[in-house]
Amino acid sequence: MIKNVINEINDVHVLTRDNDLKIKLEGELSEAVSFIERNQICDVGLWQRFVNVFRWHKDGCGDPWVSWRSEYWGKMMRGSSMVVKYTNDDGMYKILENAVRDIITTEDEHGRISGYSVEEEFTRWDLWGRKYVMLGMMYFMEICRDEELARDMTKSMCRQADYIIEHVGPGKLDIRECTANWEGLNSCSILEPIVRLYKLTGNKKYFEFAEYIISTGFIQSANIIELAYEDKVSPHEYPVVKAYEMMSCFEGLLQFYYVTGIEKYKTAVLNFGKRIINGEISIIGCSGCTHELFDHTAVRQTQTDYTGVIQETCVTVTWMKFAAAVLELSGDSSYADHIEQSFYNAYLGSFNTNRVPSIQYHKEGRRNILPQVMPFDSYSPLVSDTRGRATGGFNYFPDGTFYGCCACIGGAGAGVIPEIAIMNSANGIVINYYEKCVTEINGVKLTLDTEYPYDGSVTITLDTAEKAFDISLRIPAWCDKASVTINGETTPCHKGYVTLSRHWKSGDIIVLDLPMKVKRILPPESAVNADIFAAYTYGPIVLSADKRITDPDSVIDLVCDSAVKVYCPEIRDAKLCLEFNDVNGKKVRLIDYASAGKTWSEESRCAAWLKIK
């Protein structure tokens, strides 16, 4: 029997992640993971520089170019732990274990692990950095192979949290005033590790501190939780609109809902997520066309008069993580659609695959001593522009090197995919992500054979003892005429989840057909310059002009049905190249957005939104 819904279940989790799932994906994720391992995780010197931040205690010294270095270690440890959880690589694991052991040695006599001195603590980005130290440890604990080290981390996190609680809270420092940034939104995002610490230890004082943070409403001038719950305005209309920090706060609120079951918080999270989907996501799957702010991205993504940076990689990855959490909560396939959109476009596009050095200028105009290769770009263009325009979250180190926030967070984007690729429902298995792989879940071996996302045919072969269960397949929102064939019997499918309920046995074959064709996507009617731009997609892939083959500043009005796949000798590492006729019969080539702009220079100026007049 085929049903076009996932069964409802009475639990806080509609879908659940399988922590014991062993899956090996052979497509784009495999390449992304290898890149992260080579260019980031195995850089032992980088880990040491990050740890030394907590020995220097100089982040509060007043220099704006060092004030958030304390986020680097935990942010990169979280993403790296997610990657190693997927790969189970012994060498990469050992590097992370050594980095954890090293940072524990920086704990001071107060129990603090902070980049700020005691005299300068609880200002600027101090709590933000402490949040990431605890999150880094917590994510490493999920892969930790040493029980004694796990106990040491737990003790350390408790000491860190205890010191904070001694100084922050009712009758003490207001957590929203422990920073001069974003009305305290960044400091309040420490909610997530505090809730996780309560779940780990059962200590009531961590629960009470989480309650206190929630009672503040996250900012000084309004209660953002209430705004989300009431659902009368969108995030870009909140008094504070910093996208990354706000999503981090709601990740913490979701964890608190799982502890308490308070429906109001679930509703607030779901309302917030839907508002982002409906107004804050661009064609490439990121938010923020004004720096890193919620700004009604859907209507601003075609603006041409703004010269600042847009579409921050930190926002892309945080959105992917938040969407994965809400997917688990709601079973709403649109979140899986959006993770896919972000992954194949904004996220993979941020990889510095050409290893172009970044040169960062200080505010005084002095060139930094050592140009460096950042593994990830920080900002992504939408209309005609270049990649590699700035290092987001730039801070420097005493040896003349520097790093950035987006470079640190990048690994977590790849780590999201294995966690949501195949999940559990109440009655079986849910497949969200289609790349070639072999995996086993609930005693069922699944082999997926496909060239997705560049081809829409997916063959799934089962190896299982005969038994009855459901297999739910995600039919992507971009696909108009999907069908599923089971052992030769074909049925058309609607968008969303199609659930296959039957007795399965070894040798059963499911063939999912997701016909891919080029689509012309117009901006929302209310968008800036809505009448002069269009975008073109092929399945989940956004197509892009790249100056090496097509001038992104020219008028490009294409006949979609004329598209044919061709090889692109000028851009040999392009994953997809399509040749079109334009309305005048001229040949035009576009490539996948993720491969465009990779020289980080005018040579490969690129655009996702193309002028049609």
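How accessible is glutamate 570, and does that count as buried or partly exposed? Glutamate 570 has 40% relative accessibility and counts as partly exposed. Point 3 returns to this residue.

1. Ground rules. This is a predicted model, in which local features need pLDDT of at least 70 and side-chain atom pairs count only at pLDDT 80 or more, while totals for chains, interfaces and linings use all residues. Residues are numbered from 1 along each chain as its sequence is written, and side-chain values use heavy atoms, with hydrogens and water left out.

2. Salt bridges. The search of the whole structure finds 43 salt bridges. The term means a side-chain nitrogen of Lys or Arg within 4 Å of a carboxyl oxygen of Asp or Glu. Lysine 75 and glutamate 71 form one, with the closest N and O atoms 3.2 Å apart. Both lysine 75 and glutamate 71 are buried. Here buried means under 20% relative accessible area, exposed means over 50%, and partly exposed lies in between (1.4 Å probe, protein chains only).

3. Arginine 589 with glutamate 570. Their side chains meet in a salt bridge, at 2.8 Å from N to O. The pair links distant parts of the chain, 19 residues apart. Arginine 589 sits in strand S22 (residues 587–592), and glutamate 570 in the loop between strand S20 (564–565) and strand S21 (577–581). Arginine 589 is buried, at 17% relative accessible area. Glutamate 570, at 40%, is partly exposed. Helices (H or I, at least four residues) and strands (E, at least two) are DSSP runs, numbered from the N terminus.

4. Aspartate 231 with arginine 275. The closest N and O atoms of this salt bridge are 2.8 Å apart. This pair also links distant parts of the chain, 44 residues apart. Aspartate 231 lies in the loop between helix H10 (224–230) and helix H11 (243–260), and arginine 275 in helix H12 (residues 263–279). Aspartate 231 is partly exposed, at 30% relative accessible area. Arginine 275 is partly exposed too, at 23%.

5. A network. Salt bridges also link Arg17, Lys85, Glu142, Glu328 and Glu419 in a network.

6. The sheet. Seven strands form an open sheet, ordered S2-S9-S10-S11-S16-S13-S14, with antiparallel pairing. Strands S2 (22–25) and S14 (489–493) stand at the edges with a single partner strand each, so one side of each has no neighbour in the sheet. Two strands pair if DSSP finds at least two bridges between them. Strand S10 (residues 444–450) and strand S11 (residues 457–463) run antiparallel and are joined by six bridges. Within this pair, leucine 448 stands opposite isoleucine 460 in S11.

7. Helix H8. In H8 (residues 191–201), Leu191, Glu192, Pro193, Ile194, Val195 and Leu197 are buried. What covers the buried residues of H8 includes helix H5 (126–141), helix H6 (147–167) and H11. Just after H8, glycine 202 takes a positive phi of about 75°.

8. Nonpolar cores. A nonpolar core is a set of buried Ala, Val, Leu, Ile, Met, Phe, Trp, Tyr and Cys residues joined through side-chain atoms within 4.5 Å. The largest has 208 residues, and Trp73 and Leu473 touch the most other members. Helix H14 (residues 313–330) gives the most to this core, with 12 residues. Apart from this core lies another, of eight residues, among them Cys568, Cys577, Ala596 and Cys606.

Notes
Contact = heavy atoms within 4.5 Å.
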